[in-house]
Structure formats: C-alpha cells, structure tokens
Amino acid sequence: MNLSSLKPAEGSVQTRKRIGRGPGSGLGGTSTRGHKGAKSRSGYSKKIGFEGGQMPIQRRLPKFGFKNINRVEYRAVNLSSLQEIAEKNNLTRISKAEFVEAGLVSKNDLVKILGNGTLSAKIEVEANAFSKKAEEAITAAGGSIVKL
C-alpha cells in the first residue's frame, strides 16, 4: 500500500449535488429552479399532455371511430393448417391443445376454423367457431366438428 493507491471508503463520498442547502453550497437561493412561475413552486408536477397553456393536441383533434365493447376476437386457423398438423403428428382428433403446441394460438385465445385450403384427412376438430365453408369441408372429408 502506498499514498497513490488510497481511496475513500465505499459509499462515503457523495457524487450527487445537493441543491437547496444554503449559499455556501453554490446551489442555494433558487435551487436551480429559476425565478417565479409554476415550475419554481413546491408541489409542482407537470400534467400528462400539458403544453404550457396551449390547447393540448388531444383536445384539438376530433374524436372519431367506435370501439364495440362486446366484440369477440378469434384467432383464425385455416384448413391447410389443420391438414399439416394432422399429417405431421398423425392425429385423428385436433383440439385447442394441438393448436397451442403448433404455435398457431395462445392458450387464452378463442379459435375459429376458416375454409382456406384443402382437407383430405378424416379428423375431429374442436374449436370455438367454424366458418360454413370449413364446416362443409371437414364433414365432406369424413370428419366431425365440436364447438366449445
């Protein structure tokens, strides 16, 4: 150990400048807040979207559109995907678990089978909803549907 390697103890030196601790600190007086105005006062907090007294953009722009609170959102799965899953895993019954395993839907999603593609495998399909074309294609291939 020598004098050039001496350091203060960990945590003993403050690197943050402490404002508002009198004129001797060099940061007393207005404490970096400037003179007068809302920002100089204690308790000041800028509101979200505040634009300095100018009419905020969310009030200048008109409201538009409609959001249906009763909308039911489905994840679409096509017949071509059913065919792939059936061939790949050699299945005769496809449920939601197989869709999740294949990465087509998440476990909380509602599933709707759509009629895009062809289906040659005879399979029983479990889903929340089916399009008419998909229903016809599954029954035509000799399979069956189960609505959850």
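In the predicted model, Val125 is in contact (heavy atoms within 4.5 Å) with Leu82, Ile94, Phe99, Ile113, Phe130, Ile138, Ser144, Ile145 and Val146, neighbours within four places in sequence being left aside. The largest nonpolar core has 18 residues, and Val125 is among those with the most contacts inside it, together with Leu82, Phe99, Ile113, Ile123 and Ile138. Such a core is a set of buried Ala, Val, Leu, Ile, Met, Phe, Trp, Tyr and Cys residues joined through side-chain atoms within 4.5 Å, where buried denotes under 20% relative accessible area, exposed over 50% and partly exposed the range in between (1.4 Å probe, protein chains only). Two or more residues are given to this core by each of α2, β3 (110–114), β4 (124–127) and α4 (132–140); helices (H or I, at least four residues) and strands (E, at least two) are DSSP runs numbered from the N terminus. Helix α2 provides the largest share, 4 residues.

Helix α2 (residues 79–89) also holds Gln83, which counts as buried because its relative accessibility is 10%. Beyond neighbours within four places in sequence, Gln83 is in contact with Thr118, Leu119, Ser120 and Ala121. A polar atom of the Gln83 side chain lies 3.2 Å from the backbone nitrogen of Ala121.

Met1, by contrast, is exposed, with a relative accessible area of 92%, and is placed in the segment before α1 (57–60).

Residues are numbered from 1 along each chain as its sequence is written. For this predicted model, local features need pLDDT of at least 70 and side-chain atom pairs count only at pLDDT 80 or more, while totals for chains, interfaces and linings use all residues; side-chain values use heavy atoms, with hydrogens and water left out.

Definitions and conventions. A polar contact is a pair of N or O atoms within 3.5 Å; within protein, one must be able to donate a hydrogen and the other to accept it, and residues adjacent in sequence count only if both atoms are side-chain atoms.
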